[in-house]
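Subject: Structure handover

Hello,

Here is the structure I said I would pass on. Please open it alongside this message.

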Amino acid sequence: MNADPLRNFVRGLTALIDSGADEVAIFRDGRTLLADLIARDDWLPEAITEPDPASYRIHLLHCDPARRFSVSAMVWGPGQGTPIHDHTVWGMVGVLRGRERCEEFTLRFAPDGPLVPEDVHELGRGDIDLVSPTIGDIHRVSNALADGVSVSIHVYGGDLGALIRSRYDAGGAALPFVTSYASCLIPNPAN
Ligand code: FE
């Protein structure tokens, strides 16, 4: 495995954030860095790409020491998907393998709903989606492949394993949750 692509991405994004980049600049320049990272997939250890039959998995790849951003890999088995959820921070999602389906929602009468379905689209290999409270933050993501594994790289403006965010029921009622990383061997200060 050649870790250089991930190392270069982390180095580049760290420098970008050190420079004081705002969300617009992060989406512009960070997106270019992420596009470079997902242009090839041989840097991700194969063991991480193994799906879990029970649920999609989230593997932490890097967390900024000051928790200004984190990088994780999500692995989707056939038919697996998330509940409707938000992020509360900026996020960039790039598809490394396979294909993902993204259903977007808004809270028309925030913060108590109801949820209104918006755009539905699919991301193929190399495609990148952006989320944040300023551009649209609520969606549901699933594997678009009925018979294959999909893998995506997620970059968020915080430690995904510590962010307190919301999942939503069909009526728009919010339930707080914190993401658990797949590996119990990674120390997570939020747990
Ligand atoms: Fe999401």
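Below are notes on the metal site, the sheet, the helices and the cores.

Please keep in mind that this is a predicted model.

Metal site. The iron ion has three protein donors, His85 (NE2), His87 (NE2) and His139 (NE2), which lie 2.1 Å from it. Along the chain the donors are spaced as H-x1-H-x51-H. His87 sits in the loop between strand 3 (84-85) and strand 4 (91-97), while His139 belongs to strand 8 (residues 138-143), so this pair ties together parts that are 52 residues apart in sequence. Both His87 and His139 are buried.

Five strands form an open sheet in the order 1-2-9-4-7, and the pairing is antiparallel. The edges are strand 1 (57-63) and strand 7 (128-131); each has a single partner strand, so one side of each has no neighbour in the sheet. From one strand to the next the twist averages 20 degrees. Strand 1 and strand 2 (residues 70-76) run antiparallel and are joined by six bridges. Cys63 has Ser70, in strand 2, as its bridge partner. Helix 2 (residues 23-37) packs on the sheet, where it touches strand 4, strand 7 and strand 9 (150-156). The direction of helix 2 makes about 15 degrees with that of strand 4.

Helix pair. The axes of helix 1 and helix 2 come within 9 Å and cross at roughly 170 degrees. Angles over 145 degrees count as roughly antiparallel, and helix 1 is therefore roughly antiparallel to helix 2. On the helix 1 side, the contact is made by Pro5, Leu6, Phe9, Gly12, Leu13, Leu16 and Ile17. Helix 2 contributes Ala25, Ile26, Asp29, Gly30, Leu33, Leu34 and Leu37 to this contact.

Cores. The largest nonpolar core has 25 residues, of which Phe9, Leu13, Leu34, Phe69, Trp90, Ile153 and Val155 touch the most other members. At least two residues of this core come from each of helix 1 (4-18), helix 2, strand 2, strand 4 and strand 9. Helix 1 gives the most, with six residues. Leaving aside residues up to four places away in sequence, Phe69 touches a set of residues that includes Val10, Leu13, Thr14 and Ile17, as well as His62, Cys63, Trp90, Val155 and Tyr156. There is also a second, separate core of 13 residues, with Ile58, Met74, Cys102 and Leu160 among them.

Regards

Methods. Residues are numbered from 1 along each chain as its sequence is written. This is a predicted model: local features need pLDDT of at least 70, side-chain atom pairs count only at pLDDT 80 or more; totals for chains, interfaces and linings use all residues. Side-chain values use heavy atoms; hydrogens and water are left out. Donors are N, O and S atoms within 2.8 Å of the metal (3.2 Å for Na, K and Ca); water is not among the atoms, so sites may look incomplete. Helices (H or I, at least four residues) and strands (E, at least two) are DSSP runs, numbered from the N terminus. Buried means under 20% relative accessible area, exposed over 50%, partly exposed in between (1.4 Å probe, protein chains only). Two strands pair if DSSP finds at least two bridges between them. Axes are lines fitted to C-alpha atoms, for helices over the stretch in contact, and angles run from 0 to 180 degrees between N-to-C directions. Contact means heavy atoms within 4.5 Å. A nonpolar core is a set of buried Ala, Val, Leu, Ile, Met, Phe, Trp, Tyr and Cys residues joined through side-chain atoms within 4.5 Å. Angles under 35 degrees count as roughly parallel, over 145 as roughly antiparallel, 65 to 115 as roughly perpendicular and the rest as oblique.
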